[in-house]
Amino acid sequence: MTEKMRHSSLQFGNKGFILLLDVVIAVFLVIVSITAISHFSEDLYENPLRDMSIYKTGSDITALLIHQGVLATLDENTITNGLYSILPSRYDMYIDITCESGSTLTLGGLMLTKDFVASGSQVFIIPDASDYCTAAYYVWLR
Amino acid sequence: MKKKAILFTLSIFFILIIVLNSALLNTDTAESSRLLLQDMFIFDKTHDLFSSIEESMRTLIEIKSGINVTVHPNNNTITFVDEIPNPNRPQLLSALSDFETFIESSYPSVDIDTTEFAHNGTITVYPDTINYTHVGGLGSNIIALNASSPINNTFNRTSFLITLPDTNFSSILPAAPIGDGDFEIEVIIQSKDVAIETHLYRIDLDTDHRITVVLDDAPVHKGLQIYNNGSQKISIENLDESDTFTSALTVTLTNSSMMDREIGLAAETIIVRNTNVNHKKKGYIRLQ
């Protein structure tokens with residue numbers, strides 16, 4: 001009787017172990033799959049949207065500075081003050097202005113980030129049409 | 001017990017299959033979204049550059065040509081203010097040429113062509129394609145409003161506010177308002193911002209008419225003439241280029257509102273290319 005019980009217990013213990021192993025492997029695979037999916041989702045959905053939003057911020061800020069006539073002053077302090085008064089605090093930006101007359105101006109933050117930097121360029125004109133300039137801008141998250 | 005184990009394994013197997021399928025589907029969809037966003041990113045960049053060039057050219061043209069276009073959406077009118085003859089051709093040509101050279105050298109992907117405007121000063125109302133043009137080139141003594149179809153399909157009234165130079169106004173011929181047609185021509189003669197004569201003519205555009213503004217210190221041929229050649233063209237001509245007149249031509253739209261229309265330079269004038277996705281934005285310069 002004792003012998004029979006020990007045998008039965010051993011048999012049940014083996015099955016239990018295999019079942020446990022099966023469950024552990026299954027749970028592990030499920031976790032790996034979910035992690036992989038969320039990783040893909042993060043990489044493929046969030047980043048391009050975030051990058052697009054960074055670009056749109058740079059583009060809108062530049063357009064606003066042009067529209068307000070701030071860039072046309074070609075004055076470093078005026079433009080820097082104008083820029084940081086409207087740029088959201090999460091962002092930083094660098095602007096490189098080149099004019100037909102040969103004058104150039106660079107201002108804004110230092111590009112120390114290793115993360116995504118969006119860039120673009122817009123054209124503006126000095127109010128009396130005496131000069132034409134391009135403003136190349138670079139924008140990133142702080 | 002065996003049955004339960006098999007069922008459990010099968011359940012886990014199916015769950016995994018579902019999870020893997022959704023992962024693959026998700027990856028595929030995400031990749032498409034990423035590519036779509038990448039394209040949108042490029043389209044946005046192209047559009048932003050195009051818009052800023054257009055805005056700059058609009059300012060440049062307004063300043064250098066001396067032609068001012070104003071839209072009054074409330075009463076469905078467009079006003080073109082200009083000088084006859086327009087004296088700004090040399091400075092406009094030089095400014096446009098400098099601007100084009102600068103932009104095309106700064107952005108090799110951009111082509112600007114303002115030949116049509118630089119030579120004729122032609123402004124177009126879209127989609128009707130009614131042209132406000134300087135016949136024979138910017139600086140000529142004739143300004144015309146012409147179209148490929150009868151003008152009164154779009155406009156039923158034109159008003160000419162003419163500011164005289166120092167020379168005194170003598171008379172307007174015909175002196176009495178004429179006709180019972182369905183197209184109105186209003187002529188307001190003013191000097192030093194004071195309206196001195198207002199005449200209203202109701203003409204039939206199918207018949208040719210001439211309205212002459214005569215100046216007193218000259219023979220009859222000195223002054224201005226407003227005339228239509230059929231239903232597709234109304235002109236205003238400076239009969240003697242020794243004087244310069246300011247003309248404010250206001251046209252009143254017939255049926256639809258200004259919301260449906262755009263005013264721009266004739267012909268396609270800005271092209272911005274992006275070779276990465278073979279995208280090209282091409283269009284005319286909108287003034288309004």
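This is a predicted model: local features need pLDDT of at least 70, side-chain atom pairs count only at pLDDT 80 or more; totals for chains, interfaces and linings use all residues.
Residues are numbered from 1 along each chain as its sequence is written, chains are lettered from A in the order in which they are written, and side-chain values use heavy atoms, with hydrogens and water left out.

Let's start with the interface. Here 38 residues of chain A are in contact with 37 residues of chain B, contact being heavy atoms within 4.5 Å. The buried area is about 3200 Å², and carbon and sulfur atoms give 72% of that; this is the accessible area (1.4 Å probe) that the two parts lose on being put together, summed over both.

How many salt bridges cross this interface? The rule finds 1, counting a side-chain nitrogen of Lys or Arg within 4 Å of a carboxyl oxygen of Asp or Glu. Lys56(A) and Asp44(B) form a salt bridge, at 3.0 Å from N to O.

Now to the sheet in chain B. Three strands make an open, antiparallel sheet in the order β3-β16-β17; strands are DSSP runs (E, at least two residues) and helices are runs of H or I, at least four residues, and two strands pair if DSSP finds at least two bridges between them. β3(B) and β16(B) pair over 3 bridges, with Val110(B) opposite Val272(B). Thanks, all!
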